[in-house]
Amino acid sequence: MAVSRAERTQKIEKLLASLTAIRGVTAAAVVDSDGFVTHIRRDFEIDADALGAAVQIMYGSAQRAANNVGQGVASVVLSENKDGLVMLAPFGKGFILALVADKEVMLGAVRFEVKETVTELNRLF
């Protein structure tokens, strides 16, 4: 049975809210293949346009690197930074789930939740 646009948006918002409820996760976003943020949940002010562009650049670079070493499609891309991390996971046709987290985040828990969320997002897209 097809899900209406409003129902799909509500489900996506609920998934993003559950991700940002994880200790240390400060933002969760869905970015389309053109680098536009289609959905976002955040605890701080962030330039969504800049985030979308950065996500596409980061994922594209990781995908090229994976291809160059013969490892196939990148499934999770992680950038560990001085004050936290950025995690990307592709889903659907060109969409990417992006998470921003601070230093307090538990990487294993977030990685598990991202994989579960990607499964749900694939059902919606």
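A salt bridge here is a side-chain nitrogen of Lys or Arg within 4 Å of a carboxyl oxygen of Asp or Glu. The legends below describe close-up views of a predicted model.

View 1. An α-helix has 3.6 residues a turn, so residues three or four places apart point the same way. Glu120 is partly exposed, at 33% relative accessible area. Arg123 is exposed, at 60%.

**View 2. Lys82 and Asp83 pair through their side chains.** The N to O distance in this salt bridge is 3.8 Å. That value counts because the cut-off is 4 Å. Lys82 is exposed, with a relative accessible area of 73%. Asp83 is partly exposed, at 49% relative accessibility. By the distance rule, the count comes to two salt bridges.

**View 3. Helix α1 has 16 residues and covers residues 5-20.** From first C-alpha to last, α1 reaches 22 Å. This is close to the 22 Å expected at 1.5 Å a residue. Buried along α1 are Ile12, Leu15, Leu16, Leu19 and Thr20. These residues cover an arc of only 135° around the axis, which puts them on the same side of α1. Ala6, Gln10 and Lys14 are exposed on the other side of the helix.

**View 4. The buried residues of α1 pack against strands and a helix.** The strand partners are β1 (25-31), β2 (37-42) and β5 (95-102). The helix partner is α3.

**View 5. Helices α1 and α3 run roughly antiparallel.** Their axes come within 11 Å and cross at roughly 175°. An angle over 145 degrees counts as roughly antiparallel, and α1 and α3 are therefore placed in that class. On the α1 side, the contact is made by Arg8, Lys11, Ile12, Leu15 and Leu19. On the α3 side, Glu113, Val114, Thr117, Glu120, Leu121 and Leu124 take part. Ile12, Leu15 and Leu19 of this contact are also among the buried residues of α1.

Notes. Residues are numbered from 1 along each chain as its sequence is written. This is a predicted model: local features need pLDDT of at least 70, side-chain atom pairs count only at pLDDT 80 or more; totals for chains, interfaces and linings use all residues. Side-chain values use heavy atoms; hydrogens and water are left out. Buried means under 20% relative accessible area, exposed over 50%, partly exposed in between (1.4 Å probe, protein chains only). Helices (H or I, at least four residues) and strands (E, at least two) are DSSP runs, numbered from the N terminus. The expected span of a helix is 1.5 Å times one less than its number of residues. The arc is that of the directions from the helix axis to the C-beta atoms. Contact means heavy atoms within 4.5 Å. Axes are lines fitted to C-alpha atoms, for helices over the stretch in contact, and angles run from 0 to 180 degrees between N-to-C directions. Angles under 35 degrees count as roughly parallel, over 145 as roughly antiparallel, 65 to 115 as roughly perpendicular and the rest as oblique.
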